[in-house]
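Below is a walk through parts of one structure, taking a pair of helices and then a group of strands.

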Amino acid sequence: MSDDPAHVPVRLTLQLLACRVPPVRSGRSYYCLPPHAPLHPSYRDERFVILSSGDFTPHDVQRVRQQLEVGLTALEQYIGPVPPSKFPIVVKLWSGSGVSHSYHGGGPIELFWVKEMRSPIIHELTHVLAGYTASNGHWTQEGFASYMQDEYGEDRAFPTAHMAHALVKVISEEATLLPMEYVMRDRNRRTYFGTRTPWERWLAYTQSTSLCRYLIERYGKERFLQLYDAPVERVDFERLYRKTAETLVDEWLSHVRALPLNDAARVYFIQMKRLRGRSPVSQLGVE
Ligand SMILES: [Zn+2]
């Protein structure tokens with residue numbers, strides 16, 4: 001296995017779930033960073049504070065800053081002006097392997113894979129700025145975050161690497177789709193997206209990203225934002241879309257299945273399928 005972020009986190013073990021901070025790799029092992037792991041202030045303005053450890057150059061830091069600006073500008077087109085109370089947002093850059101996350105949108109944002117240009121910078125920024133009520137489920141929050149990353153980010157980040165629809169087309173052809181109704185209803189945080197394996201978790205992330213993309217592009221962001229971060233049982237799809245959730249899911253799958261074949265998506269799918277049967281872990285390359 002390479003250092004591909006799509007693979008490396010699979011090796012994380014359950015004990016790392018107890019980490020209070022992002023796990024890092026040393027050789028073939030992972031461990032929790034000590035609380036005093038060195039971080040130094042690398043950039044500061046009224047909106048973003050970037051701390052970095054390891055070997056980040058000023059260019060790396062400026063690239064992250066620029067991606068945060070791109071993400072913020074894009075997000076305001078969807079969610080409106082961000083209130084000043086949200087700032088400054090603290091962003092930590094970590095070298096080595098690990099799971100980028102933002103404490104369910106509560107911040108700070110912990111980023112890995114920055115040097116590899118595979119960091120979900122805008123994904124995590126979306127969690128922080130758009131809000132994330134984990135007890136309400138995950139499909140809109142994770143789906144919207146990955147949609148924003150794919151649409152506006154320069155990094156080809158996990159889980160969909162700019163190919164959400166093409167990946168769902170392959171998933172569908174290979175008959176490995178999770179029932180979307182099940183993904184939409186799942187609100188379990190510890191094993192979220194109901195996953196017994198990292199493979200199922202990837203399916204849930206990818207299907208959610210593709211469905212959110214479809215709803216936004218077909219019916220507009222305003223309607224999407226009315227169901228964002230809400231428990232699916234409380235969403236009145238027929239009032240919002242004049243269609244049932246089941247009809248919308250059918251429409252989405254028909255749309256995706258009619259798209260042209262994409263070889264890159266098939267290769268990525270095969271890589272991800274190797275996650276099948278792995279022991280249960282709750283971490284992939286992004287949260
Ligand atoms: Zn996420």
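Helix axes here are lines fitted to C-alpha atoms over the stretch in contact, and the angle between two axes is taken between their N-to-C directions, on a scale from 0 to 180 degrees. The model itself is predicted.

Two packed helices are described by the angle between their axes and the distance between the axes. Helix α4, residues 164–173, and helix α10, residues 263–273, have axes that come within 9 Å and cross at roughly 65°. The crossing of α4 past α10 is right-handed. On the α4 side the contact involves Ala166, Leu167, Val170 and Ile171, and these meet Ala265, Arg266, Tyr268 and Phe269 of α10. Seven of the residues in this contact are nonpolar, one is charged and none is polar. Because Arg counts as charged, the charged residue among those listed is Arg266 of α10.

The strands come next. Strand β3 covers residues 40–44 and strand β4 covers residues 48–52; the two run antiparallel and are joined by four bridges. One of the pairings can be located by residue: His40 has Ser52 in β4 as its bridge partner. Three residues lie between β3 and β4, and the two strands form a hairpin.

On which strand does β4 also pair in parallel, and through how many bridges? The partner is β5, residues 89–93, and five bridges join the two strands. Within this pairing, Val49 stands opposite Val90 in β5. Between β4 and β5 the chain passes through helix α1, residues 58–79, and this β-α-β crossover is left-handed.

Conventions:
Residues are numbered from 1 along each chain as its sequence is written. This is a predicted model: local features need pLDDT of at least 70, side-chain atom pairs count only at pLDDT 80 or more; totals for chains, interfaces and linings use all residues. Two strands pair if DSSP finds at least two bridges between them. A crossover is right-handed if, with the strands pointing away from the viewer, the path from the first strand over the helix to the second runs clockwise. A crossing is left-handed if the near helix is turned anticlockwise from the far one by less than a right angle, and right-handed if clockwise. Two residues are in contact if their C-beta atoms, placed from the backbone, lie within 7 Å.
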